[in-house]
Amino acid sequence: MRLATWNVNSARARHFRLVDWLDRAAPDVACLQETKMGDEEFDALYSDDLFRRGYTVAHFGQGRWNGVALLSRVGLDDVVKGLPEAAGPLAGEARAIGATCGELRVWSLYVPNGRSLDDPMFPAKLTWLGGLRQVLAGELAQPRPVVVAGDFNIAPADNDVWDAAAFQGSTHVTDDERQVLADLEADGLHDLVRTRWPDQVAYSYWDYRAGMFHKNLGMRIDLVLGTEPLRGRLAAAYVDRQARKGKDPSDHAPVIVDLDEAPDGDIGPLVPPPSAQPVRRSRA
């Protein structure tokens with residue numbers, strides 16, 4: 001099974017890129033963030049494209065802001081949109097959607113940015129994450145495997161940013177934010193990219209400005225977290241850097257995880273386009 005997460009930074013602006021990527025990468029389940037479309041608008045634009053490719057869709061939109069979606073070719077049931085009131089003032093925003101996709105319980109997340117440490121959005125971000133953890137506690141109590149993927153707007157460690165000193169005093173790298181990820185790991189969710197590649201550069205976001213992408217001055221803030229049984233099935237985990245290239249790209253690249261089977265060849269943390277047809281190989 002191939003799982004992917006991608007902050008597309010506007011599903012309308014990235015329409016043809018997204019459809020082309022689905023044809024190329026062929027994920028069985030795709031988590032999308034920042035669709036920036038309402039539900040009806042997303043359905044009108046994508047329903048034919050996704051139906052022809054075998055995807056069932058759950059979308060939670062908010063017009064020009066936020067927006068998350070799940071695309072699945074292995075079933076999509078028991079959809080939950082948003083977080084409860086415990087997530088604070090941002091609970092009602094279109095930032096979280098969960099569903100059962102085949103054997104897995106999957107959540108697509110767009111975690112609040114936080115803006116700056118002295119902005120009210122920063123404590124609101126931490127409250128939202130606290131509400132998320134409460135929801136996930138219920139999911140983790142069930143016997144099925146769980147995947148939580150998306151744009152976390154948190155760099156888990158200093159080697160997940162291009163220059164740790166440049167981020168001091170900023171959001172995304174604070175002890176409070178990183179503690180949330182540590183708590184989620186203690187709860188049973190593991191960073192699957194780091195399971196496969198403990199120390200290697202695997203940035204998933206590069207600012208549009210100043211040639212940051214071409215210089216590989218990025219951040220790893222798009223994560224795929226999974227429960228323990230999925231670690232044993234992990235065949236490959238990588239960032240599809242090719243999707244960040246070309247005309248009018250998103251500022252994020254997809255993160256892809258293959259369970260049980262993986263593309264042929266030596267798959268590193270940053271790869272060219274993955275084959276749409278995985279082949280069985282031994283897990284590293």
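1. The largest cavity. The lining of the largest cavity divides into eight nonpolar, no polar and no charged residues. In this division Ala, Val, Leu, Ile, Met, Phe, Trp, Tyr, Cys and Pro count as nonpolar, Asp, Glu, Lys and Arg as charged, and the others, Gly among them, as polar. On a 1 Å grid over the protein atoms alone, a cavity is a set of points where a 1.4 Å probe fits but cannot get out, a pocket is an open set with protein on both sides within 12 Å along at least five of seven lines, and lining residues have an atom within 4 Å of a point. The residues that line the largest cavity are Leu 3, Ala 4, Val 29, Cys 31, Val 106, Val 147, Ala 149 and Val 224. Two or more of the lining residues come from each of S1, strand S2 (29–33) and S8. Helices (H or I, at least four residues) and strands (E, at least two) are DSSP runs, numbered from the N terminus. The space in the largest cavity is about 30 Å³, and a search of the whole structure finds one cavity of 30 Å³ or more. A volume is the space filled by probe spheres set on the grid points, which are joined across faces, edges and corners.

2. Basis of the model. This is a predicted model, in which local features need pLDDT of at least 70 and side-chain atom pairs count only at pLDDT 80 or more, while totals for chains, interfaces and linings use all residues. Residues are numbered from 1 along each chain as its sequence is written, and side-chain values use heavy atoms, with hydrogens and water left out.

3. The largest pocket. The volume of the largest pocket is about 570 Å³. Its lining holds 32 residues, and those nearest its centre are Tyr 110, Asn 113, Asn 153, His 172 and Tyr 205. By class, the lining of the largest pocket has 14 nonpolar, ten polar and eight charged residues.

4. The second largest pocket. About 240 Å³ of space lies in this pocket. It is lined by 15 residues, of which Pro 156, Leu 181, Glu 185, Asp 191 and Arg 220 are the closest to its centre. Helix H4 (175–187) and strand S10 (222–226) are the elements that give two or more residues to the lining, and the largest share, four residues, comes from H4. The lining of the second largest pocket divides into eight nonpolar, one polar and six charged residues.

5. Arg 220. This residue lies in the loop between helix H5 (192–196) and S10. Arg 220 is buried, with a relative accessible area of 2%; buried means under 20% relative accessible area, exposed over 50%, and partly exposed in between (1.4 Å probe, protein chains only). Leaving aside neighbours within four places in sequence, the residues in contact with Arg 220 include Pro 156, Asp 160, Asp 191 and Tyr 203. Contact means heavy atoms within 4.5 Å. The C-alpha atoms of Arg 220 and Pro 156 are separated by 7.8 Å, although the two residues are 64 residues apart along the chain.

6. Helices H3 and H4. The axes of helix H3 (residues 121–140) and H4 come within 11 Å and cross at roughly 5°. Axes are lines fitted to C-alpha atoms, for helices over the stretch in contact, and angles run from 0 to 180 degrees between N-to-C directions. H3 and H4 are therefore roughly parallel to each other; angles under 35 degrees count as roughly parallel, over 145 as roughly antiparallel, 65 to 115 as roughly perpendicular and the rest as oblique. Among the residues that make the contact are Leu 129 and Arg 133 of H3 and Val 180 and Asp 183 of H4.

7. Two residues with positive phi. Most residues other than glycine have a negative phi, and most peptide bonds are trans. Ser 10, which is not a glycine, has a positive phi of about 100°; Ser 10 is placed in the loop between strand S1 (2–7) and helix H1 (15–25). Phi of Asn 153 is also positive, near 50°, and Asn 153 lies in the loop between strand S8 (146–151) and H4. Ser 10 is buried at a relative accessible area of 13%, and Asn 153 is buried at 5%.
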